[in-house]
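Dear colleague,

My notes on what was found in it follow directly after.

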Amino acid sequence: QVQLVESGGGLVQPGGSLRLSCAASGRIFSIYAMGWYRQAPGKQRELVADITSGGSTNYADSVKGRFTISRDNAKNTVLLQMNSLKPKDTAVYYCNADISTLFTGKKNYWGQGTQVTVSS
């Protein structure tokens, strides 16, 4: 069984920074793309940023220049550094990854989500 566990959310003032971390565990054979999504109240879940196994990144226009996604393949982790946070960044942030195990082909997995609140 594969699990994605996020950490690092919380309350921050506008202009502040947070770093989210997501660790994948289980009988992992290979991890492909990893990414972060977010869902604000009353809105659809949206892609924030993703990163391929080779390190190519993609960002939503709304976070370009403020957020940075990175990964540590040796530790099966993906990070999201969030700077210059704005109230509109308030949402539940979810980790997502395409993972194959020793017993299954590539499947898509979600973390449980971590709340990020940007407010003064």
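A pocket, as the word is used here, is an open set of grid points with protein on both sides within 12 Å along at least five of seven lines, and its lining residues have an atom within 4 Å of a point. Please bear in mind throughout that this is a predicted model.

The largest pocket has a volume of about 160 Å³. Its lining consists of R38, A40, K43, Q44, E46, S62, K88, T90 and A91. By residue class, this lining comprises 4 charged, 3 polar and 2 nonpolar residues.

Strand β4 (residues 28-39) and strand β5 (residues 46-51) run antiparallel and are joined by 5 bridges. Their hairpin has 6 residues between the strands, and G42 adopts a positive phi near 75° there. Strand β5 is in turn joined to strand β6 (residues 57-59) by 3 bridges, again in an antiparallel arrangement. Within this pairing, D50 has N58 in β6 as its bridge partner. The hairpin of β5 and β6 has 5 residues between the strands, with G55 at a positive phi near 100°.

There is also an open sheet of 4 strands, ordered β1-β3-β8-β7 with antiparallel pairing. Strands β1 (3-7) and β7 (67-72) stand at its edges with a single partner strand each, so one side of each has no neighbour in the sheet. From one strand to the next, the twist averages 15°. Inside this order, strand β3 (residues 18-25) pairs with strand β8 (residues 77-82) over 6 bridges in the antiparallel sense, and the bridge partner of R19 in β8 is Q81.

Turning to the aromatic residues, the structure holds 2 aromatic pairs. Y37 and W110 make an edge-to-face pair, at 5.0 Å centre to centre and with 65° between the planes. Because Y37 lies in strand β4 and W110 in strand β10 (residues 107-110), this pair ties together parts that are 73 residues apart in sequence. Y37 counts as partly exposed at 23% relative accessibility, and W110 likewise at 38%. The pair of Y94 and W110 is edge-to-face as well, at 6.4 Å centre to centre and 85° between the planes. It links Y94 in strand β9 (residues 91-101) with W110 in strand β10, 16 residues apart. Y94 has 14% relative accessibility and therefore counts as buried, the limit being under 20%. Together, Y37, Y94 and W110 form one aromatic cluster.

With kind regards

Technical notes:
Residues are numbered from 1 along each chain as its sequence is written. This is a predicted model: local features need pLDDT of at least 70, side-chain atom pairs count only at pLDDT 80 or more; totals for chains, interfaces and linings use all residues. Side-chain values use heavy atoms; hydrogens and water are left out. Two strands pair if DSSP finds at least two bridges between them. Helices (H or I, at least four residues) and strands (E, at least two) are DSSP runs, numbered from the N terminus. On a 1 Å grid over the protein atoms alone, a cavity is a set of points where a 1.4 Å probe fits but cannot get out, and a pocket is an open set with protein on both sides within 12 Å along at least five of seven lines; lining residues have an atom within 4 Å of a point. Grid points are joined across faces, edges and corners, and a volume is the space filled by probe spheres set on the points. Ala, Val, Leu, Ile, Met, Phe, Trp, Tyr, Cys and Pro count as nonpolar, Asp, Glu, Lys and Arg as charged, and the others, Gly among them, as polar. Axes are lines fitted to C-alpha atoms, for helices over the stretch in contact, and angles run from 0 to 180 degrees between N-to-C directions. Rings of Phe, Tyr and Trp (its six-membered ring) pair if their centres lie within 6.5 Å; planes under 30 degrees apart count as stacked, over 60 as edge-to-face and the rest as tilted. Buried means under 20% relative accessible area, exposed over 50%, partly exposed in between (1.4 Å probe, protein chains only).
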